[in-house]
Amino acid sequence: YASMSSKLLAVKHLYQPFFIFKDGNRIILENELLFLTADYDVSLDYLLDGQEMKIDRIRIHCQPQKKIVLEIQEIDCDDMKDVSLIVRVYLTCDMLGRKAGSLISYQDFEMQRRKSKSISKSGRLYVTDGNYNIGVECKDMSLLFSKSNISFAPAGLISLKVKGEEYLSLTAVPTLFRPTTNNDQTNDFLKRSKLSYAYSRYLKADIDDIEWKKTENEFMIRYHYLMDEENKKGMIVTYCVSSGGSIHVKVDYEPLMGLDTLGEIGLHFYLSEKIDKLTYFGRYLESYPDRKEGNELGIYHLNIRDGRTKYIYPQESGNREDTRYLELTNKKTSLLIGYYDDYFSFHFQEYSPFAIDDAKHEEELEKSNYHHLEIIGEMRGVGGDDSWGAPVHAEYEIDAKTPHSFEFDITPKA
């Protein structure tokens, strides 16, 4: 499985011999084979925040077109932990053109989604209000929020340091745009979403609508990024910094004129070039809402050079779905980004989405002086399930005519 592409994993999962589903506290394995009766090894792996906590291994004897029912163990843990169950089926002998011990079926299940963490408010919070910027200092972390749009960047979060180490190179900005795929080129996605490119690339904050306030243990600042300036609509990004050393981020999308559907809804961080690797708990290979089945869930390490799939024509790639958290590593410090109410996806790449979309060949890609991390609350599917050019199914579209929002937390790793 490790050497397969995400596309092949999705196809393999569709035709795997066992259909695996969860019914209450039971796992049901349905043998789809028509003629072969055999023994199989089944593993039930319980993950606690991505770490292997318990493994049950069971030998089953299953006839074709029959079902096997297995009981799930009850996991005793607090409600601040994520619990996942991974079910794998292995061959016990050579068959189906595979060797004994080969993995032939896979499925993962969410058993417990952690409750939203309460924000620590221990420690002291210092806020300095300057003419153009607001400085905030709290436990292990210092931040700088700009109050004006300048020639090369809009107002927003422009500096994030952990114990003196800088993580950002430019302002973090909201985005609705992802590079087009070959499939997008042959359906009507470009026509329905063409304004998202301009809205995302040339946005500015409404400096007359920047709100901020400080209490004893919390600093809050809210930016309204105008995309449709005529109707004063766009995206709102709110940062809440606690004295305990964490940032809660909320991104809101307001319905925009001229848009029917969106590529994504996210927040784009321009990282320092020193940050070239991360660790995350999510899907192994690139994945999308309509192409993630069979893509194994776990803790993985990702180098910036491997964050993008090098297709013949540069295009959208490298998204990781169902991410619970990711950890950015600097020289001496680390920064955790974790979900709030719902899982997110992310991009971690050397090139901006605009550079990727503008290039027609690999050699045309323009490398910037920073790395790109997008935390994505909603991502459009890729479609093309029955032929290349087939549109994305409605349930994997993002409706641009309704409001959307997502939230996540940023915390220095202890």
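**A walk across an open sheet**

Let's start at β13 and β19: the two run antiparallel and are joined by three bridges. Strands here are DSSP runs of E, at least two residues long, numbered from the N terminus like the helices (H or I, at least four residues), and two strands count as paired if DSSP finds at least two bridges between them. Within this pair, Thr175 sits opposite Gly266 in β19.

A word on the model: it is predicted, so local features need pLDDT of at least 70 and side-chain atom pairs count only at pLDDT 80 or more, while totals for chains, interfaces and linings use all residues. Residues are numbered from 1 along each chain as its sequence is written, and side-chain values use heavy atoms, with hydrogens and water left out.

Now step back to the whole sheet. It is open, with five strands in the order β13-β19-β26-β25-β22 and antiparallel pairing. β13 (173-175) and β22 (320-323) are the edge strands, each pairing on one side only.

Moving on, β19 and β26 run antiparallel and are joined by eight bridges; here Gly266 has Ile376 as its bridge partner in β26. β26 (residues 371-379) also pairs with β25 (residues 344-349), antiparallel again, over five bridges. In that pairing, Phe348 stands opposite Leu373 of β26.
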